[in-house]
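Q: I am new to this structure and would like to learn how to read its features one at a time. Could you take me through it slowly?

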Amino acid sequence: MLHRTLSVLAAFGVISLQSFAGTGNFFLPPVQSDAGSNPSYVVSADFNGDGIPDLAIVNGSDAMTSILVLAGVGDGTFQPYGKVEVSFPPRPWFSLQGLCAADVNNDGLADLVTALGDVYLNLGDGTFQKVAELRGRNWDVVAAGDLDADGNIDVVLSYTFGLWVFWGNGDGTFSSRFEINGFTASGSGLFIGDFNNDGILDVFKLSGNVGLDGLVAYGRADRRLTWTRTMIFGESYDAAIGDFNGDGKLDVSAHLTGTVSRPRGFGVFFGTGEIGPPFPFRFIGDYEPYGSRGVKAGDVDGDGILDLIGKGFVNIGNGDGTFSEPIRFQAGQFDGIETADFNQDGWVDVALINRAAGTVTVYLNAGRSE
């Protein structure tokens with residue numbers, strides 16, 4: 001078995017993975033754990049500080065009613081660790097990106113931020129304390145990252161006509177905000193990464209409306225973000241970010257629902273490494289690449305090229321920004337996806353949420369060479 005350490009896109013926040021060569025059966029037989037009542041969205045972080053990835057799972061049928069936190073055992077299974085009761089109004093896309101995990105008070109433990117704007121500090125014993133309510137609009141989705149390079153996590157909240165950045169103080173509180181308004185993209189995803197290679201994180205927002213633009217807001221140390229529109233060519237709710245063509249610049253692979261002039265399928269926005277003009281776009285194919293609303297980037301087959309991992313599918317990257325047609329590793333309907341090294345063997349694994357069954361199913365990477 002060939003083992004070589006791969007640190008693809010470390011600067012972009014993609015985890016380092018131990019790679020392997022060949023194709024075939026990427027994952028071992030799955031293992032399941034209870035995921036609560038009507039689970040729909042999942043994020044992974046180390047909530048109990050033991051070095052093993054844990055899960056925070058949105059529960060609720062028509063609205064987010066609680067967040068179930070599960071502690072990773074280290075073998076792909078999970079045990080109950082904590083639960084946060086929340087009150088989230090019904091939204092058609094609350095399960096898309098209604099939660100993120102980030103250390104907002106710099107204590108080394110991952111905290112929780114909801115798309116309602118509520119901030120919960122991780123107390124380290126399975127309990128989470130609400131310390132902030134970031135209000136102002138009817139938020140749709142949430143993301144977090146250090147957008148002004150001051151060492152503190154900032155929170156980005158998006159609504160139908162724009163997005164706001166709340167500047168973190170490093171203690172779980174937030175002092176001021178930066179607003180981008182007059183931009184229509186309801187219910188779409190937010191993604192954090194350094195798109196202009198200046199060492200400061202930026203925000204990429206998808207368009208959730210047919211025929212409207214996406215947006216890139218570039219982080220700055222003076223907190224005066226600059227931004228530019230990026231045409232999506234159709235309604236798009238989810239994407240993966242990574243360097244898909246190997247040029248050292250961050251790209252975006254987006255799933256498109258289609259327009260009159262553009263068929264459904266997916267394409268890649270290739271990063272220029274600069275501020276504007278909008279990213280060059282390449283339409284890849286008119287097939288369903290990874291299922292709607294759920295995709296991650298990672299090197300599944302160990303060739304040093306990022307692949308796309310979806311809810312039951314893998315699209316193998318070719319290294320030029322194109323991908324193979326979907327290779328199914330699991331049949332059935334899943335409602336959320338997360339990737340991490342759940343068994344600490346250096347390989348990327350996949351967790352899939354099934355709302356109807358109330359389970360999280362983990363597929364451990366087989367780590368084979370052929």
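Q: In which strand is the place of Asp 154?
A: This is a predicted model, and in it Asp 154 belongs to strand β13, which covers residues 154–159.

Q: Which backbone nitrogen atoms does the side chain of Asp 154 reach?
A: A polar atom of the Asp 154 side chain lies 2.8 Å from the backbone nitrogen of Leu 147, and the side chain also reaches the backbone nitrogen of Gly 168, again at 2.8 Å. Once neighbours within four places in sequence are set aside, the contacts of Asp 154 include Ala 143, Asp 146, Leu 147, Val 165, Trp 167 and Gly 168.

Q: Is Phe 78 buried or exposed?
A: The reading rests on relative accessible area, where buried means under 20%. Phe 78, in strand β7 (residues 78–85), has a value of 9% and therefore counts as buried. Not counting residues up to four places away in sequence, Phe 78 touches a set of residues that includes Ser 33, Pro 53, Leu 70, Val 73, Phe 342 and Val 362. Distance in sequence and distance in space can be read side by side as well: Phe 78 and Ala 35 are 43 residues apart along the chain, while their C-alpha atoms are 9.2 Å apart.

Q: How many salt bridges does the structure hold?
A: There are ten salt bridges in the structure, and a few of them show how such a pair can be read together with its surroundings. Glu 85 and Lys 83 meet through their side chains at 3.9 Å, N to O, and Glu 85 is exposed, with a relative accessible area of 56%.

Q: What parts of the chain does the salt bridge between Glu 338 and Lys 296 link?
A: The closest N and O atoms of Glu 338 and Lys 296 are 3.6 Å apart. This pair links distant parts of the chain, since Glu 338 lies in strand β28 (residues 336–340) and Lys 296 in strand β24, 42 residues apart. Glu 338 is buried, at 10% relative accessible area, whereas Lys 296 is partly exposed, at 24%.

Q: What is the order of the strands in the open sheet of four strands?
A: A sheet is read strand by strand, and here the order is β24-β25-β26-β27, with antiparallel pairing. Strands β24 (295–298) and β27 (327–328) stand at the edges with a single partner strand each, so one side of each has no neighbour in the sheet. Between them, two bridges join β25 (residues 307–310) to the antiparallel β26 (residues 313–315), and Leu 308 stands opposite Asn 315 in β26.

How values were computed
Residues are numbered from 1 along each chain as its sequence is written. This is a predicted model: local features need pLDDT of at least 70, side-chain atom pairs count only at pLDDT 80 or more; totals for chains, interfaces and linings use all residues. Side-chain values use heavy atoms; hydrogens and water are left out. Two strands pair if DSSP finds at least two bridges between them. A polar contact is a pair of N or O atoms within 3.5 Å; within protein, one must be able to donate a hydrogen and the other to accept it, and residues adjacent in sequence count only if both atoms are side-chain atoms. Contact means heavy atoms within 4.5 Å. Buried means under 20% relative accessible area, exposed over 50%, partly exposed in between (1.4 Å probe, protein chains only). A salt bridge is a side-chain nitrogen of Lys or Arg within 4 Å of a carboxyl oxygen of Asp or Glu.
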